[in-house]
Amino acid sequence: FAKTNIAKVVIPDSVTGSIHSTFMGCINLTDVTIGSGITELNHMVFKGCTSLESIVIPKTVLEIEECVFADCASLSNVEFEEGSQLRFIWMDTFSNCTSLKRIVLPASLGVPQSGYASGLGTILFKGCTNLTSVYLLSDTPPVINDFTYTDIFKDDNNYPFPYTNDGFKIYVPSEAAKTAYLGNELWEIME
């Protein structure tokens, strides 16, 4: 289906496992339903779907890999189903999503996973020039692949862009969580 004129996609619950580059470059794609059988969104699944405005990630998705929503310029709403089991969002996932203003990341990202990668990848929001709010629902700071908080928000020039976005803020669920994040050297400049 990559680079076709498809406008609507329904992935039924009976489809299981992962999807990889399947809808990349479908510039007319506006409506996507991902079934509960999907556990991974692999490399570039929706990359360059410039008409896609909203997506709901099922709670069964465990990983979102590189560039899955990169260059989705119209993407303004990303929702994770309640009870999300998501454990990792890889690098460049939301790069150049210029319509994205806020995102709420599930609490499961802060839960250490034995034998699995967990946390957030670097340059996750590169080029998200209108992003002003990131809500982290975990009381425990997510791992950031041995990098720091600023590496999640770098632009193409390796400059931490939130400082150029007026009013950029990171929100955590409680004062105790804020203390945990600020006490973690990877998140030291959050405040």
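No disulfides were found in the protein: the count comes to zero, where a disulfide is a pair of cysteine sulfur atoms within 2.5 Å. Cys-26 is in no disulfide, and its nearest cysteine sulfur, that of Cys-49, is 5.2 Å away. Cys-72 is likewise in no disulfide, with the sulfur of Cys-49 again the nearest cysteine sulfur, at 5.2 Å. Cys-26 has a relative accessible area of 0% and is therefore buried, the term buried meaning under 20% relative accessible area, with exposed over 50% and partly exposed in between (1.4 Å probe, protein chains only). Cys-72 is buried too, with a relative accessible area of 0%.

The model is predicted, so local features need pLDDT of at least 70 and side-chain atom pairs count only at pLDDT 80 or more, while totals for chains, interfaces and linings use all residues. Residues are numbered from 1 along each chain as its sequence is written, and side-chain values use heavy atoms, with hydrogens and water left out.

The protein contains two helices and twelve strands; these are DSSP runs numbered from the N terminus, with helices being H or I of at least four residues and strands E of at least two. Along the sequence, the pattern reads β-β-β-β-β-β-β-β-β-β-β-α-β-α. Of the 191 residues, 47% are buried.

Strand 7 pairs with strand 5 in the parallel sense over four bridges, pairing being assigned if DSSP finds at least two bridges between two strands. Within this pair, Ser-54 stands opposite Asn-77.

In soluble globular proteins, nonpolar side chains tend to be buried together.

Aromatic rings come next. Seven aromatic pairs were counted, where rings of Phe, Tyr and Trp (its six-membered ring) pair if their centres lie within 6.5 Å, with planes under 30 degrees apart counting as stacked, over 60 as edge-to-face and the rest as tilted. The rings of Phe-23 and Phe-46 are stacked, because their centres are 5.7 Å apart and their planes are at 10°. Phe-23 and Phe-46 are 23 residues apart, and both are buried. Phe-94 and Phe-125 form another stacked pair, 5.6 Å centre to centre with 10° between the planes. Phe-94 lies in the loop between strand 8 (88–89) and strand 9 and Phe-125 in the loop between strand 10 (119–120) and strand 11, so this pair ties together parts that are 31 residues apart in sequence. Relative accessibility is 0% for Phe-94, which counts as buried, and 1% for Phe-125, also buried. Ring pairs link Phe-1, Phe-23, Phe-46, Phe-69, Phe-94 and Phe-125 into a cluster.
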